[in-house]
Amino acid sequence: MSSRDEAADMPHDGKTKTPERLRRRASRLLSGMTAQSDRLVNEGLAKADARKWHYAVLASLQEHGPASQATLSRRTGIYRSDMVGVLNELAERDLVERTLDPDDRRRNVITITTQGRRRLRYLDQVLDDLHDELLAPLTPAERDQLVQLLTRLLDHHTQAPEPPSS
């Protein structure tokens, strides 16, 4: 069963098709919300002629400054093999600029352009609107709490384990 099929199984009209024991499982609920979120964000960004990886690269460059392709890959979670294509798309639109690294001429340094900064501000608004739609049933305080809880969970599960003490 695909995630789209599972998402379709989630109740839309108040009539629960899914067994209650599944609806009480956080993992099931997170998977269903991930499917809904991905659909909404991907469709919304497509209408804005963008993809989520465009946003991730532009946001990383804006927040952390120029970077190599490898560094951008680590920061954004985009596979190195896919990063070249993403950067090609952004460079074709004059949203990023590639220059040779003066310290290592085999490597490019990627920088966000003025046009890229403008595009990022526009995509911020697009995503804000999409998140408002996704989280519509929640109050602003509940939205903040949800983000805090999800951040705490993700940080816990993605932290490197502490080395054993001797």
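Leu58 touches Leu90, Leu95, Val96, Ile112, Gly116, Arg119, Leu120 and Leu123, leaving aside residues up to four places away in sequence. Contact here means heavy atoms within 4.5 Å. The model is predicted, so local features need pLDDT of at least 70, side-chain atom pairs count only at pLDDT 80 or more, and totals for chains, interfaces and linings use all residues. Residues are numbered from 1 along each chain as its sequence is written, and side-chain values use heavy atoms, without hydrogens or water.

Leu58 is also listed with Leu45, Val57, Leu61, Leu72 and Leu90 as having the most contacts inside the largest nonpolar core, a set of 26 residues. Such a core joins buried Ala, Val, Leu, Ile, Met, Phe, Trp, Tyr and Cys residues through side-chain atoms within 4.5 Å; buried means under 20% relative accessible area, with a 1.4 Å probe and protein chains only. Helix 7 gives the most to this core, with 6 residues. Helices are DSSP runs of H or I, at least four residues long, numbered from the N terminus.

Helix 4 (residues 52-64) packs against helix 7 at about 120°, with the axes 10 Å apart. Axes are lines fitted to C-alpha atoms over the stretch in contact, and angles run from 0 to 180 degrees between N-to-C directions. Tyr55, Leu58, Ala59 and Gln62 of helix 4 meet residues of helix 7, including Gly116, Leu120 and Leu123.

Helix 3 (residues 26-47) also packs on helix 7 (residues 114-134): their axes come within 10 Å and cross at roughly 140°. Among the residues in this contact are Met33 and Leu40 of helix 3 and Leu123 and Leu130 of helix 7.

Definitions and conventions:
Helix = DSSP H or I, 4+ residues; strand = E, 2+ residues; numbered from the N terminus. Buried < 20%, exposed > 50% of the residue type's maximum accessible area, 1.4 Å probe, protein only.
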